[in-house]
Amino acid sequence: MSRSDTRLRAAQAQLVGEAQKRGTGSKVMYRKLDVTDAAQVLETLAAAVQDLGPVDLLICNAGAAHLGYFHENDLETFRQQMELNFFGVLNVVHAVYGDMVRRNQGHICLVGSALSTFGLVGYSAYCPSKYAVKGLADCLRNELQGTHVKISFAQPPDTDTPGLAEENKHKPPETKEISESGSTVYKPEEVAAVLMGGILRGAYLLPTPDLGLQFNAIATKGLLPRSFPGVLVDMLFSCIAPLAHWFFVGMFDRVARRTAGRRFSKLWGIGLERQAQEGQG
Ligand SMILES: CCCCCCCCCCCCCCC[C@@H](O)[C@@H](N)CO
């Protein structure tokens with residue numbers, strides 16, 4: 001994903017090289033578009049379909065994370081996050097969905113986040129937009145039953161991209177501490193390979209390379225399809241999950257509690273001494 005011509009051209013050259021090596025004769029093209037502009041999405045997709053034929057696989061990966069404390073974010077920030085991360089996905093899915101169903105084939109992959117099922121300090125503008133993407137994917141999964149159009153939902157971990165570098169510039173220290181103690185940063189190739197493996201298998205909930213987050217994805221699966229042998233594994237996980245959740249939520253809350261005095265000092269109007277006491281409480 002990029003909007004920079006240089007990066008897109010480099011990716012195109014790499015893919016053309018791969019295609020030549022494998023002798024697939026694949027055409028590789030790119031188009032830049034603003035996914036929040038529904039008219040532009042329709043126009044760009046129509047042109048791409050004319051050049052390359054109908055969409056077989058749509059991966060909705062455009063998005064960004066705005067980090068910050070809830071009380072310091074203005075309302076516009078929350079709206080912009082929904083506009084990009086949720087409506088940006090919706091615009092593209094809406095543009096290809098009808099044609100896929102008409103042709104009765106195709107695969108849609110919506111990219112949510114590890115934060116599509118739980119929230120953390122600092123992510124109050126981002127996380128709801130990724131919950132919304134999961135809600136959309138879950139509904140479409142059920143609605144597409146009886147067709148050959150497949151859908152997958154991805155919950156990637158922190159991935160080493162320019163987007164993460166930008167996110168890190170504004171990441172509150174608590175968010176940083178929690179992320180670093182609970183998970184790690186993965187290479188884009190590693191995340192993409194695991195996701196593509198799941199897409200090719202036709203899985204709905206795509207795997208993530210992070211074992212803890214994968215465990216959490218299984219433990220919080222809820223009303224989603226399961227294979228019969230899978231049910232037994234899920235039952236086993238569900239027995240252990242509350243213990244792991246107790247441990248992690250305990251850590252998330254301890255980290256947040258420790259800095260409440262500092263974060264809310266302006267709102268509470270308290271002095272440093274009191275803040276320190278609050279922090280220990
Ligand atoms: C059994 C429970 C294990 C849970 C471990 C949770 C650890 C917390 C890890 C935080 C992960 C944050 C992931 C955010 C991913 C991206 O969506 C975000 N960086 C936006 O780019």
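In the predicted model, isoleucine 108 touches Leu58, Val93, Tyr97, Met100, Lys150, Ile151 and Ser152, with residues up to four places away in sequence left out of the count. Isoleucine 108 also belongs to the largest nonpolar core, a set of 26 residues in which Leu58, Val93, Ile108 and Leu110 have the most contacts. Two or more residues of this core are supplied by each of helix 2 (38–52), strand 1, helix 3 (75–103), strand 2, helix 4 and strand 3. Helix 3 provides the largest share, with 7 residues. Another core, of 15 residues, lies apart from this one and includes Leu67, Ala114, Leu120 and Tyr123.

An open sheet is formed by 3 strands, arranged in the order 1-2-3 with parallel pairing. Strand 1 (57–60) and strand 3 (149–154) are the edge strands, each of them pairing on one side only. From one strand to the next, the twist averages 10 degrees. Strands of a sheet pair through backbone hydrogen bonds, in either a parallel or an antiparallel manner.

Strand 1 and strand 2 (residues 106–111) run parallel and are joined by 4 bridges. Within this pairing, cysteine 60 has leucine 110 of strand 2 as its bridge partner. Strand 2 is also joined to strand 3 by 6 bridges, and these two strands likewise run parallel. Here glycine 106 stands opposite valine 149 in strand 3.

Strand 3, although an edge strand, is largely enclosed by the rest of the structure, because 5 of its 6 residues are buried, that is, under 20% relative accessible area. Helix 4 (residues 127–143) lies across strand 2 and strand 3, and runs at about 155 degrees to strand 3.

A further packing arrangement involves two helices. Helix 8 (residues 211–219) packs against helix 9 (residues 228–258) at an angle of about 115 degrees, and the axes of the two helices are 9 Å apart. The crossing of helix 8 and helix 9 is left-handed. On the side of helix 8, the contact involves Phe215, Asn216, Ile218 and Ala219, which meet Asp234, Phe237, Ile240, Ala241, Ala244 and His245 in helix 9. Classified by residue type, this contact of helix 8 with helix 9 comprises 7 nonpolar, 2 polar and 1 charged residues.

Methods. Residues are numbered from 1 along each chain as its sequence is written. This is a predicted model: local features need pLDDT of at least 70, side-chain atom pairs count only at pLDDT 80 or more; totals for chains, interfaces and linings use all residues. Side-chain values use heavy atoms; hydrogens and water are left out. Two strands pair if DSSP finds at least two bridges between them. Axes are lines fitted to C-alpha atoms, for helices over the stretch in contact, and angles run from 0 to 180 degrees between N-to-C directions. Contact means heavy atoms within 4.5 Å. A crossing is left-handed if the near helix is turned anticlockwise from the far one by less than a right angle, and right-handed if clockwise. Ala, Val, Leu, Ile, Met, Phe, Trp, Tyr, Cys and Pro count as nonpolar, Asp, Glu, Lys and Arg as charged, and the others, Gly among them, as polar. A nonpolar core is a set of buried Ala, Val, Leu, Ile, Met, Phe, Trp, Tyr and Cys residues joined through side-chain atoms within 4.5 Å. Buried means under 20% relative accessible area, exposed over 50%, partly exposed in between (1.4 Å probe, protein chains only).
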